[in-house]
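Reader: Hi! Could you walk me through this one while I have it open on my screen?
Author: Happy to, ask away.

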Protein chains: 2
Amino acid sequence: MFKKVLLAEDMEDINKGVTTLLSELGIQEVQQVQYCDDAYLKIQKAILDEKPYELIITDLSFKKDYRSQKYPNGPDLIKKIKQEVPGLKIIVYTVEDRLQPVRNLFNIHGINGYVCKTRQGLKNLSLAIKEVFLGNQYLSPEVINALSSNSDLDIDNYDIELLNNLSKGMSQEEISALYKKNNISPASLSSIEKRLNKLRIDFNANNAIQLIAIVKDLGLI
Amino acid sequence: MFKKVLLAEDMEDINKGVTTLLSELGIQEVQQVQYCDDAYLKIQKAILDEKPYELIITDLSFKKDYRSQKYPNGPDLIKKIKQEVPGLKIIVYTVEDRLQPVRNLFNIHGINGYVCKTRQGLKNLSLAIKEVFLGNQYLSPEVINALSSNSDLDIDNYDIELLNNLSKGMSQEEISALYKKNNISPASLSSIEKRLNKLRIDFNANNAIQLIAIVKDLGLI
DNA sequence: CCTCACCTTACGGAAACCCGTAAGGCAGAA
DNA sequence: TTCTGCCTTACGGGTTTCCGTAAGGTGAGG
């Protein structure tokens, strides 16, 4: 089993529950932080001391408070860690159960496990730790479909960016002009219309308004 | 201090932390449930036994699972309780920190306290219990502005419904037709346009698309 | 080299949205 | 009653979106 684990989670009550679980699993050294920046510093320090962490368990959302943070929330921290210490295992433990964010965390950032905070959350977290220790991936049941390939319509970054610009109130013509200026292709009004048409079909939307409402609900933007 | 309190909260870890806090506050009888339906039943039973609860502490969101529920989440439960036992005090303890939902809970349903789950969540909850025991309202700092009158632009149910219909992909003409059929006033296309224009100004939106994006983010719809 | 498939762009017309102006209706105050 | 302010409705015209059709460009494979 893992010997040294770091837990990043801002809420004291949850923090306490998880720490107990980790001890019960036989993990000798369990440390915890309530801010992502602290997590990053501890990880770096541990490496310098040649006693690195073997596993990070982190929430995704951290409430903002008076302390300004370089890494305000989970994804920022995860990105940084996986860039600098790609071998370090990461399990996400969070309430977020929308599939697209889960997909991104696995496909882009390369996390090792994802557990939803639910009634069985702690139980699943314990399973996740065991699987990740064996070198496997783990997804809790609520999001098991996130990585099944058929479930993703091919939405790429261009699409996301397009939807983002739309939701910021830009007209399609303005977006076209912006893309031409920045050499983003395709940039013509016609292409943008066509792309949006495809998205409307993909998501069963009558018009751009409903499209934005839907992708907001899905958490795509 | 309160003698008999019921806690409705689906996650075991949090549940445990809060229960401990309540005991420390000197509350003799603390019971807890993980489903809203169970909460409702316990409340009814306690009244029949002539040992009613004096305070309910409840989360807002409860994860769905295999058990189908008559009251699937906090607001449903709160509405029912306040209808049947208006004098029973209710404190909401949740992560939700958007102002509009908070406003609704106080103004429509008449809850007595609202505490956000944050780093200081437990501390604030303890304050809330004391205040509510004294007959006062309590809002935790994150949402203290929810009830300050100046912060609400006068958005009424008509506006919310209008935005909802828009986000469902209806055209303004379709909405007009629907309202005429259902005798909802104003129903003319012109009035609907005018109302949306006002909303766009209120929310600083360039067009209907951005308007929907904004009100979705705010949690108005 | 040519062909074919695919992507980008262009264009035109219908529908929807945006915005200003103005007329009708209704309630309260003089 | 008349006046006034406010809300609802009507209408016109400019802009944007939606949806075809079609022309140019590019790249893979024959």
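**Chatting through the contacts**

Author: Let's start with charges: there are three salt bridges between chain A and chain B. Please keep in mind that this is a predicted model.

Reader: Thanks! What does Lys216(B) form a salt bridge with?
Author: Its partner is Asp217(A), and the closest N and O atoms of the two are 3.2 Å apart.

Reader: And how many residue pairs are in polar contact between chain A and chain B?
Author: Eleven, counting pairs in which both residues are at pLDDT 80 or more.

Reader: Which helices of chain A supply residues to the side that touches chain B?
Author: Helix H1 (12-24), helix H5 (121-133), helix H6 (157-167) and helix H9 (208-218) of chain A each give at least two residues to that side. The largest share, seven residues, comes from H9(A).

Reader: Let's talk size. How many residues are in contact between the two chains?
Author: In chain A, 35 residues are in contact with 35 residues of chain B. The area buried between the two chains is about 3,000 Å², and carbon and sulfur atoms give 54% of it.

Reader: Which three residues supply more than any other three to the area that chain A buries?
Author: Those are Lys63(A), Arg119(A) and Ile209(A), which supply 29% of the area that chain A buries against chain B.

Reader: OK, switching to the DNA. Which residues come nearest to DNA strand C?
Author: Of the 15 residues around DNA strand C, the nearest are Ala187(A), Ser190(A), Ser191(A), Glu193(B) and Arg200(B). Both chains are represented in that list.

Reader: What does Ser190(A) have next to its polar side-chain atom?
Author: A base nitrogen of DNA strand C, 2.9 Å from a polar side-chain atom of Ser190(A).

Reader: And which residues of chain B lie by a phosphate oxygen?
Author: Gln172(B) is one of them: a backbone N or O atom of Gln172(B) lies 3.1 Å from a phosphate oxygen of DNA strand C. Asn197(B) is another, with a polar side-chain atom 3.5 Å from a phosphate oxygen of DNA strand C.

Reader: Taking the atoms of DNA strand C within 4 Å of the protein, what percentage belongs to sugar or phosphate?
Author: For those atoms it is 60%, and the rest belong to bases.

Reader: Which helix gives the most to the surface near DNA strand C?
Author: H8(B), with four residues. Helix H8 (189-202) of chain A, helix H7 (172-181) of chain B and helix H8 (189-202) of chain B each supply at least two residues there. By class, the residues of the surface near DNA strand C divide into three nonpolar, seven polar and five charged.

Reader: Last topic, the sheet in chain A. In what order do the strands come?
Author: Six strands form an open sheet in the order E2-E1-E3-E4-E5-E6, with parallel pairing. Strand E2 (29-33) and strand E6 (138-139) of chain A stand at the edges with a single partner strand each, so one side of each has no neighbour in the sheet.

Reader: How many bridges join E1 to E2 in chain A?
Author: Five bridges join strand E1 (residues 4-8) of chain A to E2(A). Along that pair, Leu7(A) stands opposite Gln32(A).

Reader: And what order do the strands of chain B take?
Author: Chain B has six strands in an open sheet, ordered E2-E1-E3-E4-E5-E6, and the pairing is parallel. Four bridges join strand E3 (residues 55-58) of chain B to strand E4 (residues 89-94) of chain B, and Leu55(B) stands opposite Lys89(B) in E4(B).

Conventions. Residues numbered from 1 in each chain as written. Chains lettered and ligands numbered in written order. Predicted model: local features only at pLDDT ≥ 70, side-chain atom pairs only at ≥ 80, totals over all residues. Heavy atoms only, no water. Contact = heavy atoms within 4.5 Å. Buried area = accessible area lost by both parts, 1.4 Å probe. Salt bridge = Lys/Arg side-chain N within 4 Å of Asp/Glu carboxyl O. Polar contact = N/O pair within 3.5 Å; in protein donor to acceptor, adjacent residues only side chain to side chain. Near = heavy atom within 4 Å. Nonpolar A, V, L, I, M, F, W, Y, C, P; charged D, E, K, R; others polar. Pairing = 2+ DSSP bridges.
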